[in-house]
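Please examine the sequence and the three-dimensional model shown below before reading on.

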Amino acid sequence: MEAPWVLSLLNGYRQMVNPITLINRFESELVSPSSQQTIYSKILMDDLVTKYPPSHAYIHLFLKTWVQKIERSKEEINEDVLSYYLKIIESKDTQSEEEICYKSYPFDDLNDQDKWLTVRVLSKYNQVGLTTWPACFLLCSFILANPDLFDGRNCLELGSGTGLPSMVLCRTCKAQKVVVSDYVPVVIQNLVKSLVLNGMHLEKISTDQEHLLSGCPKIESVARKSEDYREFEWWCSGKLDNTEMDVISLDWEILTTHSTTETFLQTVDTIIAADILYDTRTIPSLVNTLKSFLFNPNKKVTAYIASTIRKQDTFSFFKEQLETLDLCYEDITEKARLPFQLFEYDPSNIVLYQISTKLKPQKTWNSK
């Protein structure tokens, strides 16, 4: 069992928490000779970190801040630490601005290497779906605190990005099936690769989009079947642990303006999403998409949407759109609190809403 400060520092380092924040938080523990050796061996050379490292820029800033702290304390710098720091400095100019790096997150015991999930991110990103955002962590915490809400359910994640909440679902709940969705091709490609490195076994893929999986392990390539997401541009399916998982390209505009697969609409029980309320232009189509699933004549469907409130006007517009379409909402942020901290983030401006139908659902498609 490692000392609490070591586990906390390792947790922050794996999640790429601001290095200056981390160093300042543990200032008193970081400079002694024994602490330096511990940090080098237990954090910088950690198995998960070396296999799936943070960005080069992150490692450089962490080391720079830490070494400066040691120098001010008048302690000698550990030889292993100094050697590693010089190596990072020397390789700085060879790093691409589009460097792929990794963030790792715990979903249970910080001491258990098997209770972590890793996502691929771009160190400098132009697409919002290529990194993790704070509301994602609140949603993951809600899933961890309320696993019974997802047991036996068919779940759909909208605007999945890195797919972390869906992976938490598969690892900690007994969901019957999880469908992960996004629309931007580069985001979907990155998403699938993150799922694969966390153990997803791919079984099927639409043959016309196989290039999106370049670099993934060999999969069984099959033709698009008429009953398998026939109106979506791209899809693949497989399993993560024992949970069936599909990845689909889902365009909210198309979903709400064209008839889509009836089976898909009828199957979904639960919808989750995080940090998708940042652009008012997409909110009407998002709310219409929610309505398409929530107004199910055969069963109750619930959505859980976590969002950082960056602009109050944007969030108010979202709630107005919900009310216009007879959807009701409830702030259930407090139900996402865990008795222990797993994710490093500031929850102060983040809310979680439960969304359901205000009226008895009317049939919006022909039941078979």
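The following paragraphs proceed from the overall fold to one helix, then to aromatic rings and a few individual residues.

This is a predicted model, in which local features need pLDDT of at least 70 and side-chain atom pairs count only at pLDDT 80 or more, while totals for chains, interfaces and linings use all residues. Residues are numbered from 1 along each chain as its sequence is written, and side-chain values use heavy atoms, with hydrogens and water left out.

The protein contains 13 helices and eleven strands; helices (H or I, at least four residues) and strands (E, at least two) are DSSP runs, numbered from the N terminus. Of its 368 residues, 52% are buried. Here buried denotes under 20% relative accessible area, exposed over 50%, and partly exposed in between, with a 1.4 Å probe and protein chains only. Among contacts in the protein with a separation of 6 or more, 73% are between residues 24 or more positions apart, a contact being heavy atoms within 4.5 Å.

Helix H6 covers residues 79–90. Which residues of H6 are buried? They are Val81, Tyr84, Tyr85 and Ile88. Seen down the axis of H6, these buried residues fall within an arc of 100°, so they line one face of the helix; the arc is that of the directions from the helix axis to the C-beta atoms. The buried residues of H6 pack against helix H3 (33–44) and helix H5 (56–72). The face turned away from the buried side carries the exposed residues Glu79, Lys87 and Glu90.

His56 counts as buried because its relative accessibility is 8%. The side chains of His56 and Ser91 are joined by a polar contact of 2.9 Å. A polar contact is a pair of N or O atoms within 3.5 Å; within protein, one must be able to donate a hydrogen and the other to accept it, and residues adjacent in sequence count only if both atoms are side-chain atoms.

Aromatic rings come next. Rings of Phe, Tyr and Trp (its six-membered ring) pair if their centres lie within 6.5 Å; planes under 30 degrees apart count as stacked, over 60 as edge-to-face and the rest as tilted. By this rule there are 15 aromatic pairs. The rings of Phe137 and Tyr345 have centres 5.6 Å apart and planes at 55°, so this pair is tilted. Phe137 lies in helix H7 (residues 134–145) and Tyr345 in the loop between strand E10 (327–331) and strand E11 (350–357), so the pair ties together parts that are 208 residues apart in sequence. The rings of Phe315 and Tyr353 have centres 5.2 Å apart and planes at 90°, so this pair is edge-to-face. It links Phe315 in helix H13 (residues 312–324) with Tyr353 in strand E11, 38 residues apart. Phe315 is buried at 5% relative accessibility, and Tyr353 is buried at 9%. Ring pairs also link Tyr13, Tyr58, Phe62 and Trp66 into a cluster.

How values were computed: The expected span of a helix is 1.5 Å times one less than its number of residues.
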